Amino acid sequence: MTGGATPRSHDWHVWYLSLIIVASILLVGAWTRWIRLEQLSTAWLGLVALLMVGVPWLRRRFRAESPVAVSPLAWLLIAVAVFGLLSFAVSVHRGATLQELLKLTGLLGMFLFALAFAGSEDRLHTLSWVLFGASVVAMAAGIVLYVLSPRVTTGPIASLAHALVVRGDGGRFSAFFSYPNALAGFLILPLCIGVGLFAFGRRGRERVLGLAGTVVLMGAFVLTGSRGGMIVAAGVLLLLPVAGWLCRCVSRRQMAHIVVAYGVVAVMVVVSIAVPVSRDRVWKPLVQRFVAVVQEVLQGQAATGGQLGSRFQMFRDLGPYLRVYPVLGSGLGTYASVYMKFRSQLFFATDPHSLVVKSLAEGGILGFVLELTMIAVLLWLGFRAARLSGNRALTFAVVVGIAGTLIHSCFDIDSMFYVIGALCAVLLGSCAGLTMQAGASYWVLGQPVRRTVSPAPGAKHVKSSRPRSRPWLPTTGLVVLGLAAIVFALATSAEACFIAGLRRVPASMTAWSVPREFEVAKRLDSLDARYPLQTAASARGIAEVAPATLAMTYRDQAKESYQRAISLDPLNPAVQIQYAQFLYEFGDRDAVDAFQRLTTLDPIDPGTWTSLAHAHIVFNHNANLAEQALDEARRLDPTYYDIANVTGQIALDKGDVVAAEAAFRQSVKSSPSQQIGWSELVDVCRISGQQGKLIAALFDASVNAQDGSAFAAELQRLAPMAQWTSPAAGTSVVPGGTVALAWNVTGTTDGLEYQTIYAAPATGDWILVADGLKPSVRDLTWQVPATIPAGPCHVYVYLQAPKLMVGSDRGSASYAVSSPVQVGQ
């Protein structure tokens, strides 16, 4: 397969490889929110390629039409396949490992197809052109959407910009990948190809197109704002001519072309910095991101700060991880299931953000050595292909781009995206095929072994020294390919059903029925814990709103599904905590055991220990055990908000209402958006019988809690509440002008004594607009001061009820804030 087949010159092979390249880029955007289906869809192309290579090869083995060649590269591929089966056998979550094996099968098919049918210089350069052109078109469309998205908020443009996630966190460019740093890692390869086309192209049109495309890609690259990506890209592009010169792949004349190319890029960068819009919106934020990293390093916080600390911590946490899973790892694709047990900081990530960490954690030392050997051999074949090419420099640029992408993936999340592996597999397969056709590499050429032919009648039998071909080899190969196709079909169908079920969840909640698609997905793929986990979540949601006659049925279904998910992925705290919370919510004493197990799966999260303390209080009525759990939580984070909640519950059990109120106030102060702290504080105020404190707590909860609707409804029955009707959103005024103010008052107004209005300008002190307004007043005209600062200004109306609020720390029952009024010059 890697040494004995002679490629046939059919153009459709290049077209199919081009389809793989274009589809892998487009599917990243098409399935951004359903990344597993995107990966399987792209892997299907690799499986078809594997069948097109493997089936004819196995048929020839039946007829003995060509020799069997077993090269070192073939043995390496076999070793990787055997390791994959071992990893599946020892995996802590075989559903995730199966997904990884299917992806690797797809990559193998892409590599072998390119090896067999694209092993020539012109085909390698054609595929490079396809990758470069597809990337330029995709990034050009993404940049247009990126520019238009803030200005066009409705219609097809806005929908497409939202679907492709052209704006990531902080407004950074992230088209197709939804993650700016991954996009930057992807762009390193086409950038190197573009520089190679411009500097090393043999025709003027080729150079012009290379330059134009490089400009587009460089613009997209800068918009990502990726610090690591820029450092790696700069290093790769600067080392490209130096390494090419040392390897005798770049001539002196081509070095001059590189200098011109880099000079053009430098001029464009200077021009963009000179333009105020790009300087303020692109370059300044980028410089600030670099400055933040430099400050952390200078302050000695590189290993603990928010910019770099989490990445370094992943490497440091490898030590305890490897001590538990040293040789074979925890199983391919299982980092998300196990990493919380070994993390030393509260950093949440389902991907290790490093190909090195991922390989060591999931594959152990053996898997890491195999992967490192495979990458080294393939890159070596790529550099050999560059030495054998007619245009050495252009092929060298392609291989350097692949190396740069792999280097970036060692420090970021690139390995999560299947398109990176697919592109590398196709191009490296073409490079390996080129060396094979030239007969210049030991790695892809093996000693042919032919099947022994029976002697003619009457001829003397001579024992052959060559081993016989085994008839079971092609049969076994066909069976394996058939099984792979069946597993592919089942896994893809299960994922499609799962996504269809997710889309039906809102409708199914109102109909009190769990989407049938989840059950179908579980039957098609019985190893993936996500399917029963989502079934449990849907059944749990229905049990919370359904009548009592149905609630018990769905509660049992949820519990059974949770237990199934835990049996499939037993070490994943994300699964265990949902089950524990479900048991706690529905009053099941098994919640204590579930939270206890969770403390071993995620021992450094203080929330794990406070949850266990809650369970001890509710089910065991044991304050001592709760205190022991609280001690662990305090050791991890003394300021964690839920510690105060548990302390308040313990105080309530002892009848100390004052201590309980103080604890719950401390809780909501530490975390104002939490629901449980406000609920407990309101209950304590209700128990104390002080209406002023109760009203104040209800109002604060309605404003700050994640869901304040219930608090607002109760507040409306006890106190007056205001709502602005004017000024409307978008109102503007100049200093010295007037603004019409109007508001409504709802709820009980018996305790309302007077009203006070303040204006809060963009800067400076608040301005008293009116004080002592009668309870019946609902509007007035405000004369804006001539000296008010420019910018947005909010207006507050306070409903003063001192007698009603006796016992609290305020005299107003509630207040309301208006839409901003824009004060101009």
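Arginine 635 is classed as exposed, because its relative accessibility of 58% lies over the 50% cut-off. The model is a predicted one. The side chain of arginine 635 forms a salt bridge with that of glutamate 632, with an N to O distance of 2.9 Å. Glutamate 632, at a relative accessible area of 28%, is partly exposed. Both residues belong to helix 25 (residues 623-636), where three residues, or about one turn of the helix, separate them.

A further salt bridge pairs the side chains of glutamate 627 and arginine 634, at 4.0 Å from N to O. Glutamate 627 is partly exposed, with 30% relative accessible area, and arginine 634 is likewise partly exposed, at 31%.

## Salt bridges elsewhere

In total, the structure contains 22 salt bridges. One of them joins the side chains of lysine 559 and aspartate 588 at 2.9 Å, N to O. This pair connects distant parts of the chain, 29 residues apart: lysine 559 sits in helix 21 (residues 548-568), and aspartate 588 in the loop between helix 22 (573-585) and helix 23 (590-601). Lysine 559 has a relative accessible area of 22% and is partly exposed.

## Nonpolar cores

The largest nonpolar core comprises 122 residues, of which Phe111, Met139, Phe177, Phe186, Ile402 and Val419 touch the most other members. Helix 7 (residues 180-200) supplies the largest share of this core, 14 residues. A second, separate core has 44 residues, among them Ala521, Tyr531, Phe619 and Leu630.

Leaving aside residues up to four places away in sequence, methionine 139 contacts Phe173, Ala175, Phe176, Leu183, Leu187, Val216, Leu217 and Ala220.

Note on methods
Residues are numbered from 1 along each chain as its sequence is written. This is a predicted model: local features need pLDDT of at least 70, side-chain atom pairs count only at pLDDT 80 or more; totals for chains, interfaces and linings use all residues. Side-chain values use heavy atoms; hydrogens and water are left out. A nonpolar core is a set of buried Ala, Val, Leu, Ile, Met, Phe, Trp, Tyr and Cys residues joined through side-chain atoms within 4.5 Å. Buried means under 20% relative accessible area, exposed over 50%, partly exposed in between (1.4 Å probe, protein chains only). Helices (H or I, at least four residues) and strands (E, at least two) are DSSP runs, numbered from the N terminus. Contact means heavy atoms within 4.5 Å.
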